[in-house]
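Okay, thanks for coming, everyone. Let me put the structure up and then talk you through a few pieces.

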Amino acid sequence: MANEPHILLVDDERDIREPLAAYLGRNGYRVTKADNAAAARQVLAAHAIDLILLDVMMPGEDGLALTGFVRATSGTPVILLTARAEETDRIVGLELGADDYVTKPFSPRELVARIKAVLRRTEGSGKSVHAPDADGYAFGPWVLRTGERELVDAGGVAVPLSTGEYNLLLAFVTHPKRVLSRDQLLDLSQGRELAAFERSIDNHISRLRRKIEADPSDPKLIKTVWGGGYTLAADVRRL
Amino acid sequence: MKRLFPRSLIGQMALLIGGALLIAQLVNFALILNERQKLSLAQNQGPAITRFAAVASDFGQAPAEFRTAVLEDSSRRGARFSLDRQSAVPESAGREGAIETRVAQALAANGVRAAEVRAAFGGELRPDPAPRAARPHRSPGGPVLVISARIGAGAWLNGRLVTPRPDPWLTVRLAAATLLLYLIVLGATLFIATRLARPLRDLAGAAERFGGRGEPISVTPRGPGDLRRAIDAFNAMNRRVVTLLDEKDRMLGAIGHDLRTPLASLRIRAEGVEPEAERTRIVATIEEMNAMLEDILVLARSGRDREEQRAVDVTALVDALVEEYRELGRDVSLDEDAVRQVLDVRPNLLRRAVRNLIDNAVKYGGSARVSVLRSDAALEIAIRDAGPGIAEDRLAAVLEPFARLEESRSRDTGGSGLGLAIARAAAEAHGGTLRLANAPEGGLVATLALPA
């Protein structure tokens, strides 16, 4: 049973901690519980933890502070549990290096799916590769900002993207000048979000081109590679 | 005419005081002028009366043979005296009663007995009988006072005496004094008025800007004492309101957290419920409660959210939302002609408003056709559904919180009843409006207008 991923669950609410630990246990995870940040640090020091589930709102040291500590000391991936849906929490959480977050009340099934996705991304390296490893990516006249999850043009005007568009573009800017097949794009862009791509990658590519290309019929940024897929032709600078 | 009448308290006060003062000053001016003219006349007539009485006295005391000589000798320097059988003043023609009384008194004081005294202004002075009198009079052109006294049977002593011309500058001097007084008082009034007006304007401006967010606006107290007190009271009230709103925010945050935690616990435990149909219903109920909680928190915080305004391509924002609905298989589309429209907005708030409107269109009308158009003064996001629309008399009511068209409280059709209220609050937070209308070709059109 040593292959079971070891999850550290940190939540001050017993009503969440106990049933969630039981549910995760039933779904094949080894769970260690902690009811505050100090207890969590002790567990981290004593055990090899594969993933931390962390409540944001806790008395004393809160989840965001503990995320900062984890990120500074190890590569263990973090999924935040938050009772506040405000966008600011999400932004702050992701900037501090959380790999994902779920808003309470969440579906336990969805949580397990996200745990699997994060573990798959970190597999092998044993390190968090929390997807936006930069505040933003500059390419051509555009900046893709990961905190606000939006595209900003040279004039500072924000161009909002749908979840699918954002994930696809993030896949491109994190793999610039590489030819990405449709399967690779699907895999990369579905890694973080579970929003189902019912429509084809091609459709999303054409939508993205309408938003970022000066002339969508003659794309200069996202180019089609015959037989191979697509590639981002621009230089990408991490911000 | 309406434009000429000032609306402000200060303007009206200045106008009223200025007007009332003008009328009072004019009345005062008229009264003083009248008095001064009378006084001036009396002063001017004094010498003439005294001279007449002196001549009458000399005449009476002189021996009979010298009497003509006395009259001739006195008839110089703007005066003519003569003894006639008739009075030079007709019985009844503009006689000056006041002067007659004074002449009678002067005659009596000089020991002259006069049976009757008449006096009137008028006539010209005949040329001087003596050549030496050809030299110009010292005060030419003044009114001639004719005095007539009956000093014996059928004998009238008639005197024609030039009186000094009334002071021609009297009116001007008086008018100047009145005007000066008027300007001083009016200036003082305007000074007080502006001293009141500036702090009042500051106060009104602060009250208009007050949004209940961030630091309370403080107005510097100035002006008269009672105005300072009003400003101090306003500042104190401002601080209390901000404190109350902050407390409300903290309370809502705590409620949100405290309710979400048991909901989250329920949601996790629900996963173990059998049979599956029961589990599905429990999960749906929990999600409904959560959505309602979310709506209530958003509406309660509207107008006080701390989201910054940013330049955003609103068309792209709407397009991204429409795309998410399409990915979920909903019949939602954006007008093909929609072009880039950049506006300073709070993107998350606007997104929530548009999402609520699309939700409603899909829920009640089965589909949503979205357009983004710029008119002269506004950017209009219109969402049209293919549903039955809403009765005209209910259009305004459905914008109110917790308003529903159905009696049913089922989540499928009822919702939290806050979606439109939130959309309207979001529009108003941007200084815009939310309008609902039944389209002529059927269906409901919700138009979110943001000032461009």
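Quick definition before anything else: I call a residue buried if 20 or more other C-beta atoms lie within 10 Å of its own, exposed if 12 or fewer, and partly exposed in between, with the C-beta atoms placed from the backbone. And a caveat: this is a predicted model, where local features need pLDDT of at least 70, side-chain atom pairs count only at pLDDT 80 or more, and totals for chains, interfaces and linings use all residues. Residues are numbered from 1 along each chain as its sequence is written, while chains are lettered from A and ligands numbered from 1 in the order in which they are written.

So, is Asp55(A) buried or exposed? Buried, because 26 other C-beta atoms sit within 10 Å. Asp55(A) belongs to strand β3 of chain A, residues 51–55; helices (H or I, at least four residues) and strands (E, at least two) are DSSP runs, numbered from the N terminus. UniProt, in an unreviewed entry, puts "modified residue: 4-aspartylphosphate" at Asp55(A); such annotations may be inferred rather than shown by experiment. Setting aside neighbours within four places in sequence, Asp55(A) contacts Val10(A), Asp11(A), Asp12(A), Gly63(A) and Leu81(A). Contact here means that C-beta atoms, placed from the backbone, lie within 7 Å.

Now, where the chains meet. Chain B puts in 29 residues and chain A 32 residues. On the chain B side, the elements giving two or more residues are α5 (225–270), α6 (276–301), β5 (310–313), α7 and α8. Which one gives the largest share? That's α5(B), with 11 residues. By class, the chain B side has 12 nonpolar, seven polar and 10 charged residues. For the classes, Ala, Val, Leu, Ile, Met, Phe, Trp, Tyr, Cys and Pro count as nonpolar, Asp, Glu, Lys and Arg as charged, and the others, Gly among them, as polar.

On to the sheets of chain B. One is an open, mixed sheet of five strands, ordered β6-β8-β9-β11-β10; two strands pair if DSSP finds at least two bridges between them. β6 (332–334) and β10 (433–438) of chain B are at the edges with a single partner strand each, so one side of each has no neighbour in the sheet. The twist from one strand to the next averages 20°; angles run from 0 to 180 degrees between N-to-C directions, with axes fitted to C-alpha atoms, for helices over the stretch in contact. Within this sheet, β8(B) (368–374) and β9(B) (378–384) pair antiparallel over six bridges, and Val372(B) has Ile381(B) as its bridge partner.

What lies on that sheet? Helix α7(B), residues 314–327, goes across β6, β8 and β9 of chain B, at about 155° to β6(B). Helix α9(B), residues 419–429, touches β10 and β11 (444–451) of chain B, and makes about 135° with β10(B). The axes of α8(B), residues 347–365, and α9(B) come within 9 Å and cross at roughly 145°. Their contact divides into 10 nonpolar, three polar and two charged residues.

Last, the other open sheet I picked: four antiparallel strands in the order β1-β4-β3-β2 of chain B. β1(B) and β4(B) (155–162) pair over six bridges, with Phe81(B) opposite Gly159(B). Helix α1(B), residues 9–61, lies across β1, β3 (144–152) and β4 of chain B, at about 145° to β4(B).

Key: Two residues are in contact if their C-beta atoms, placed from the backbone, lie within 7 Å.
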